[in-house]
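Hello,

Here is the structure we spoke about. My notes on what was found in it follow below.

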Amino acid sequence: IMYKIAVAGTGYVGLVAGVCFAEMGHQVTCVDIDEEKVNIMKKGISPIYEDGLEELMQKNYSAGRIDYTTDYKSAYKDADAIFLGVGTPEQPDGSADLSHIATVARQIAENIEKDCLVVVKSTVPVGTNDKVEQFIKDFLINDVKVEVASNPEFLAQGSAVHDTLHAARIIIGTDSKWAEELLRKIYEPFKLPIVSVSRRSAEMIKYASNDFLALKISYMNDIANLCELVGADIQDVALGMSFDERIGSKFLNAGIGFGGSCFPKDTKALEYLARQNGYELRTVKAAIDVNNDQKTMLYKKACRRLITFCGLKVAVLGLTFKPGTDDLREAPSLDNISLLLEQGAEIFAYDPVGIDNFKKKYPEGIIGKGCIRYVENIEKSLDGANVCFIFTEWDEIKAVRPTDYKKLMRTPLVYDGRNIYRVDDMKNAGVEYYSIGRPYVKVNVKSLRDAATTADWC
Ligand code: NAD
């Protein structure tokens with residue numbers, strides 16, 4: 001059966017969900033308040049970078065199964081189901097901002113003209129679905145049946161389309177048979193395992209899953225830092241751990257800490273929810289603390305090695321919080337670049353897709369004591385550099401050979417936040433190499449004093 005579906009919000013979650021519902025044969029209208037976004041989507045252009053998204057947008061738009069609009073009234077009035085994929089960003093106290101959810105809830109209440117299931121895909125604190133349902137009923141204008149269901153999203157940015165079409169599970173949280181059956185039918189064509197639970201449990205599954213992954217990352221980073229102190233190698237340790245099925249082989253990579261639009265805010269929001277309920281969620285708190293320190297670990301290492309960044313040419317490889325996305329929210333590169341600029345570095349930054357977004361935060365040119373320039377390839381970033389920082393493990397960055405650093409950089413001093421290289425390979429290439437949780441390699445690089453130039457921004 002085909003349903004008429006409206007999706008509120010065309011970000012990573014809403015747009016991908018809408019496109020995948022259309023691909024499964026439903027009739028979809030995607031709603032956003034951002035007119036510019038809607039206009040470019042109508043032209044078949046994706047406002048976000050996700051593998052395979054644009055192709056599916058174009059295919060389903062030509063087939064007449066998907067449309068984009070800012071006109072929420074006509075999109076909501078006769079929809080069988082309305083999915084909410086609007087943002088729930090972090091507020092200064094760590095709690096989730098539910099204002100976008102409330103706006104859409106009110107728009108729905110005032111415009112629906114037939115029975116409708118409202119489905120919250122956004123990540124929201126436990127109990128929010130109850131409130132959304134009450135809120136809609138309070139503001140409802142027409143005499144129609146409306147219920148709210150929770151359907152949290154688990155896609156990972158960088159593989160959003162694949163993750164949606166091949167999700168490990170669909171979580172549906174409902175408090176009525178009618179809502180459960182309708183959601184089951186909407187998801188039937190995906191042929192994926194469905195776990196049906198109460199609304200509150202569904203809301204909790206999302207936070208519990210994300211925070212568990214965040215904990216796993218912080219745990220490995222914590223162990224990595226200890227490895228450095230006691231002479232063990234975190235990659236060997238992770239390899240040994242990965243054979244244990246109870247531990248699993250994923251998310252064992254130590255690095256520069258987690259970023260992105262989800263883990264940082266979802267750890268804080270759950271910790272806040274616990275506090276609000278008189279409970280201290282100590283494990284999640286620890287994950288947050290470890291991550292805060294981890295993000296600038298490499299910078300601190302570099303500060304122990306160098307007197308100053310003033311007058312040094314610093315190559316930065318990778319800006320996005322992970323490969324496969326143009327998203328910079330909470331990316332470790334932001335914390336590090338801000339510190340490097342404060343210390344007077346002359347940065348030459350490269351990222352395959354993140355530069356345009358990064359420029360909005362750090363426009364090209366002199367910033368404070370430092371200076372940032374954006375270059376169109378890795379060679380231009382490394383050329384003549386004194387120090388290189390690797391923040392994102394894009395494939396093309398992983399493809400840089402150890403000998404290239406030696407060849408292109410003025411002083412081959414590399415700080416790798418993603419443990420891309422084997423320590424021995426860097427050593428053999430004559431590169432002084434610092435990474436996370438592994439022995440560092442000190443080789444005699446050409447004196448940095450020769451390399452430092454007096455620059456006018458210094
Ligand atoms: P986003 O910021 O990329 O997109 C949100 C969109 O909603 C924007 O385009 C914005 O213009 C639009 N919007 C705001 N108010 C609106 C309104 N009243 N009507 C219609 N559109 C409106 O957000 P996102 O990253 O897709 O995340 C959305 C939610 O999904 C969040 O709760 C997030 O925690 C959750 N989530 C995100 C991911 C992810 O990887 N990004 C994964 C799982 C869950």
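Which residue has a backbone N or O atom that lies 2.9 Å from an oxygen atom of the ligand? Valine 13 does. Please bear in mind that this is a predicted model.

In lysine 265, a polar side-chain atom is 2.5 Å from an oxygen atom of the ligand. In glutamine 157, an N or O atom of the side chain lies 2.7 Å from a nitrogen atom of the ligand. The protein buries 90% of the 840 Å² that the ligand exposes when taken alone.

The ligand is surrounded by 27 residues, and the closest are Asp32, Lys37, Thr88, Gln157 and Lys265. By class, this shell has 13 polar, eight nonpolar and six charged residues. Helix 1 (12-23) and helix 5 (99-111) each supply at least two residues of the shell. With four residues, helix 5 gives the most.

Glutamine 157 leads on to aspartate 327. Their side chains make a polar contact at 2.8 Å. Aspartate 327 sits in the loop between strand 9 (313-317) and helix 14 (332-342). Its relative accessibility is 4%, so aspartate 327 counts as buried, the cut-off being under 20%. Leaving aside neighbours within four places in sequence, aspartate 327 is in contact with Tyr12, Gln157, Ser261, Thr320 and Phe321. The C-alpha atom of aspartate 327 is 7.1 Å from that of glycine 354, which is 27 residues away along the chain.

Regards

Methods
Residues numbered from 1 in each chain as written. Predicted model: local features only at pLDDT ≥ 70, side-chain atom pairs only at ≥ 80, totals over all residues. Heavy atoms only, no water. Buried < 20%, exposed > 50% of the residue type's maximum accessible area, 1.4 Å probe, protein only. Contact = heavy atoms within 4.5 Å. Polar contact = N/O pair within 3.5 Å; in protein donor to acceptor, adjacent residues only side chain to side chain. Near = heavy atom within 4 Å. Areas by Shrake-Rupley, 256 points an atom, 1.4 Å probe, with all protein chains shown as cover. Nonpolar A, V, L, I, M, F, W, Y, C, P; charged D, E, K, R; others polar.
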